[in-house]
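Let's walk through this one together, question by question. Here is the model to keep in view.

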Amino acid sequence: MFKIKQPDKNPLGNSPLDIESLASPSARSIGKGSSTDAGRSWTLPTNHPDPIVLAGGIPDTETLPVTDLRETINNVLDNEAGEALRYGGWLGFDGLRSAIALRQSKLEKLSLTEDNFILHNGSSGSLDNICQAFIEPDDIVVVEGPSYSGTVRTIRGYMANVIEAPLDEEGLSVKALLKIIHDAKLGNKRVKLLYTIPDFHNPTGVTMTLQRRQQLAEICNNNHILIVEDRAYTELYFKQNSPQSIYDITNGYGTIQIGSFSKTIATGIRVGWIMADPEYIEVLERVRFDMGNSPLLHRALAQYLTSGKLDSHLSKMRPLYDEKCAVLCKSLMDYCHPYVTFTPPEGGFFLWVECLGASSQQLVNAASEEGLQFPTGATFFKDGYNTDQNHIRLAFSNCNIDQLSQVGLRLRDAFHRIVD
Ligand SMILES: Cc1ncc(COP(=O)(O)O)c(C=O)c1O
């Protein structure tokens, strides 16, 4: 249980407020979360003069599309300032919703319209809205184990009973899901929701096979489980698109998809979306109480999309991330071969590495001395270190090629500090 620190001085002389008793059950049951969960940059203390940080899932800083974004924002301010600088409503700017609908329709070969979209503060804001609309305390929610700690934290914040289903190289284990459903029934409960990251998974990099998607869709359909499909990394494939989405397989029946410009453009944009059947959108609207997000950014992004700038940006980013991943893998193979095993991902930002002969926590500490910083795999499990002690997650997206080529050497020296 997380304890809230109480103030010890009240200038008006009364006894201090008992903040703990005022806090909601959600605030009482959950701690503040890690830097990764909060979207803050993450570093460990180190004396190394030139640390290499493989921590956050953020796009390459050097190639952020600053010029194009500046141009579109200026354009909006020059031509539509009145509209752009007033409240825009909680569904978001119609022009951006249509532009996303058009783009997603092409990408997924679907017929979507703006009525299928509600815009949010990234995919995290989207998930928050979904939880608010569909989760009650103690509802069973299945997530991949491991999964992205930030989104799982959101689900836990709604006091759901989060149960992890392990992943294998084909994605979330169907056998594990069936067992969770079976056990829930035995306890007179049901699984309410499944949250999955099928493409270039965070943190493991695994892409769910088509067959696995079809099986999951069928199981969830049979058991009335709502699927939330997080597509944060989908467009960042290296060579080949990922298989058909679960949304497409189910034709949106029982599936809600979330997407974001955080990984494709910049995390600071804070614009993402929920894509769902209008009947779901209507329920989501009922519990949206803010006044929507920035109409200025929505309008600028609409121009950025419709002018084709996002597509040309992505066509440059894919080979760059592919190369970064390959350089990191080669560096690990060259220097750390006996100490690590991993499967290179086919897209996304992360390499999930199993460490042999040293625990992940030992390695994180020793690597920090060598000027190499990354989180333990334990960060991405509900029970952390109790569940996993031998994985680390290396984010290659925001390091340059030269840094990535040095990772193997530094990691080998870190292993030597422990093993030799
Ligand atoms: C799988 C996944 N979903 C959602 C998010 C949060 O993204 P956003 O910036 O769109 O809120 C992240 C960020 O790392 C992520 O990895």
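**Backbone, strand and ligand**

Q: Does Asn188 count as buried or exposed, and why?
A: This is a predicted model, in which local features need pLDDT of at least 70, side-chain atom pairs count only at pLDDT 80 or more, and totals for chains, interfaces and linings use all residues. Residues are numbered from 1 along each chain as its sequence is written. A residue is buried if 20 or more other C-beta atoms, placed from the backbone, lie within 10 Å of its own, exposed if 12 or fewer, and partly exposed in between. Because Asn188 has 6 C-beta neighbours inside 10 Å, Asn188 counts as exposed.

Q: Is Phe200 buried or exposed, and why?
A: Phe200 has a positive phi of about 45 degrees although it is not a glycine. Because 26 other C-beta atoms lie within 10 Å, Phe200 is buried.

Q: How many residues of strand 13 are buried?
A: Strands (E, at least two residues) and helices (H or I, at least four) are DSSP runs, numbered from the N terminus. His391, Arg393 and Ala395 on one side of strand 13 are buried, as are Ile392 and Leu394 on the other. Strand 13, residues 391-395, is thus mostly covered, and its buried count is 5 of 5.

Q: Which residues come nearest to the ligand?
A: A residue is near a molecule or strand if its C-beta atom, placed from the backbone, lies within 6 Å of it. Helix 6 gives the largest share of the shell around the ligand, 3 residues. Of the 15 residues around the ligand, the nearest are Gly122, Ser123, Ser124, Ser260 and Ser262.
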